Amino acid sequence: MSCLRKCPRRSESEEMAFQEHLRKVAQENGKRLGLDGDPDLQFLLSGGHLVKIRSSSWQKTRFYKLNEDCKTILHESQRFFRRNPTFSLDDIDSLRRGRQSEGLNKHTDPSEADKCFSIIFKGKKKNLDLMAANSEEAKKWVNGLEKVMGNLHNLSRQQKSEHWLINCMGKADKNKDNKMTLKELKHFLRQINVEVDDSYAADIFKQCDTSNSGTLEDTEIKHFYDLLTHREEVDVIYGKYARTEGQMSGKDLLNFLLNEQREQTNMPHALKLIEKYEVDETAKARKHMTKDGFMMYLHQEEGSILNHEHKRVYQDMSRPLNQYYISSSHNTYLMEDQLKGPSSTEAYIKALMKSCRCVELDCWDGPNGEPVIYHGYTLTSKVLFRDVIKAIKEYAFKTSEYPVILSLENHCTVEQQRLMAHHMVSILGDALLTRPLGNRMPDNFPSPQELKGKFLIKGKRLNKLDTAFSSNNTVDEDTVSEEDEAAEAKDNEQKSKKKKSKMKLAKELSDIVIYCKSVHFYGFDHAKDNQAFYEMSSFKESKAFGLAQNSGNSYTHHNLDKLSRIYPAGSRTDSSNYNPVPMWNVGCQIVALNFQTPSKEMQLNQGRFLPNGFCGYVLKPEFLREPSSQFDPNLLTKGPWLKKKTFHVMVISAQQLPKVNKEKHNSIVDPLVRVEIHGVPADNATKETHHIENNGFNPVWNERFQFDVHVPELALVRFVVEDHDSTSQNDLVGQYCLPLTSVQSGYRHVPLLTKRGDVICSAGLFVHVMLIDAQKA
């Protein structure tokens, strides 16, 4: 039975009116998305039956359809207490055609691949594995959902805001009569996170109910909407510059861009913005920008705090590999903690789709001669090495074309090592780097540009790299010391401090380690005298922090021509993370974090790699690449790194903050904003606004802060919105982090992300920021 038939019974005329109402709502939302009459949209709105697959034995037919709001999917449930459950399109991370999930790969037949597809959710929510009646229907579901999601994503923040508000109004209209009673108005205000007392709600209602009918309808609802979305702070800014018949002329807009936004621009650019964002055709013809057009501009990428030029790859990608920060993951196979959590190919896919460019594979002997990946000496589940390599091959370059490093923690016998090498060579094919680039022994790393689409293996090697050019490369197998991280794990398990254990290494595996040969670190002087550029060390966090604190300049010099990989301490059994910033400050490239663990540290990592097209590679500042550099982040002696700036921040307002506690229907947030600077020790600072009672919809602070920043090229700025609680720890509402060098000055909107780094649609902060030379401050 379809879940649609579970609704309370209506009379025939009521049912017809109700269905007509739903049709009109769907039509309006389709228009808003630019999909009015689109056949793919109509298919989704009609819905259909799909087989939901959980295991080989649990495969049930369920009804699915896109709701009329064009934002949520309704699906049938057999659970009585979950009638008509829905999930939001905003919760979907991606869609995959075919048997491209672990579940479908295990529990369906390869012959049914063209009927299968998976819905991959953000965060911890499990994948939804589905099978359609035939390949044509599967294609319609995937194409239709991708089209709607794409169009939703392409709406401006203002359009998303309107879309969200209108759908909230639709939910508040309980009897679907296109009218709002006072009771429905109060329900709507609670939905959008605004607490108002009864008399205030009654005043708004009375102000809008010009017909004195006791309900709001048509133009009255529009009036109510306009009152609700009025932005007084934007009125003030617009009024200051709209000097031409109450509107902004091209000259007025240019003045605003030059004086407030601190942009180096010209009249043609100002006119281009009017052409692009003005919604009133009459004003556009006069080359004027109305307040609505100005609001549209502020909500687009030109009005974002992130420099829109940095949203693409804008840095020089032809420098040697070690001159870049590289987005890197630790224990990549884990979905949760490192004691008993599940291992999965899905974890690799999620990391790679976030542009992670260095993933870790802990390899152990498995049954039937097949190596497996899991966290040794623990109860974490196991996943086949072969399946992991297949998943990496499929997803490595979907979000970034720059090279991926496979960091091997090898615990396997020689026989299974040979199979590991075979799987990598056969599955990765020409994309696997098996010899140095060029025809002679290199003396430096190739660049990310030269290594586009390539896989590099990090691991132990039996001999020097120059033997790759020699015909006398006859070594078969030999012993090498275990990886530092592996040795640490064994020490923790055995509670002993024995000398470094040895293991046999297969030639086949050794030969495909080219630019990332693992060696033990014996000190900076030893490394300088004995290590080749391609020989790299891994540092446990405590060792790395000690070196960064006590030998900062030596560490930066070590990283001038070598790679360093930092990894979390084995004692972090909950897969928590360390602060990556001090490691970046001394030029460490591969600062590996637990991507599966949402945390402040991962948010800083996302901020570090946000610019440069989010490609997973960010060029280090020149003073961390220059051989003569005397930079030490702890001392701040004079040098090219010392470019003291004053960072002015005015936190003006926020819009449409989500409820933190969705379980409590009447829960309204009491928001405050914290601004943090993360960089060299002298620059670390935090400042916070007061909290505002019971207003998550449009709180206004107008609070000014000032930060002195000594080394701006290493600084990150993080905006945090929290729900104030006087009796317990504040709850996170949203956050956003970006490098200070990517901040656009002026009046800017700051998008807000969840704890896991996903965008919160329609929510944001409105700020005024300026980064100026300290002597001019």
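A: E370 counts as buried at 15% relative accessibility, where buried means under 20% relative accessible area, exposed over 50% and partly exposed in between, with a 1.4 Å probe and protein chains only. The model is a predicted one, in which local features need pLDDT of at least 70 and side-chain atom pairs count only at pLDDT 80 or more, while totals for chains, interfaces and linings use all residues. Residues are numbered from 1 along each chain as its sequence is written, and side-chain values use heavy atoms, leaving out hydrogens and water.

The side chain of E370 meets that of R386 in a salt bridge, 3.2 Å from N to O, a term that requires a side-chain nitrogen of Lys or Arg within 4 Å of a carboxyl oxygen of Asp or Glu. Because E370 lies in the loop between β13 (358–364) and β14 (372–373) whereas R386 belongs to helix α15, the pair ties together parts that are 16 residues apart in sequence. Helices (H or I, at least four residues) and strands (E, at least two) are DSSP runs, numbered from the N terminus. R386, at 26% relative accessibility, counts as partly exposed.

Helix α15 spans residues 385–395, and its buried residues are F385, V388, I389, A391, I392 and Y395. Seen down the axis of α15, these buried residues fall within an arc of 160°, so they line one face of the helix; the arc is that of the directions from the helix axis to the C-beta atoms.

Y395 leads on to R96, since a polar contact of 3.4 Å joins their side chains; such a contact is a pair of N or O atoms within 3.5 Å, and within protein one must be able to donate a hydrogen and the other to accept it, with residues adjacent in sequence counting only if both atoms are side-chain atoms. R96 lies in strand β5 (residues 92–97) and is buried, with a relative accessible area of 6%. A polar atom of the R96 side chain also lies 2.9 Å from the backbone oxygen of Q100. Not counting residues up to four places away in sequence, R96 touches S101, C116, F117, S118, I120, E346, I349 and Y395, contact meaning heavy atoms within 4.5 Å. R96 and V142 are 46 residues apart in sequence, yet 7.8 Å separates them in space, C-alpha to C-alpha.

A search of the whole structure finds 31 salt bridges. K65 forms one with E68, the closest N and O atoms being 3.2 Å apart; K65 counts as buried at 6% relative accessibility, and E68 counts as buried at 17%. The side chains of K643 and E713 meet in another, at 3.0 Å from N to O. K643 lies in the loop between β24 (617–619) and β25 (645–655), and E713 in the loop between β28 (700–709) and β29 (716–723), so this pair ties together parts that are 70 residues apart in sequence. K643 is partly exposed, with a relative accessible area of 39%, and E713 counts as partly exposed at 26%.

For the whole protein, there are 23 helices and 32 strands, and buried residues make up 56% of the 777 residues.
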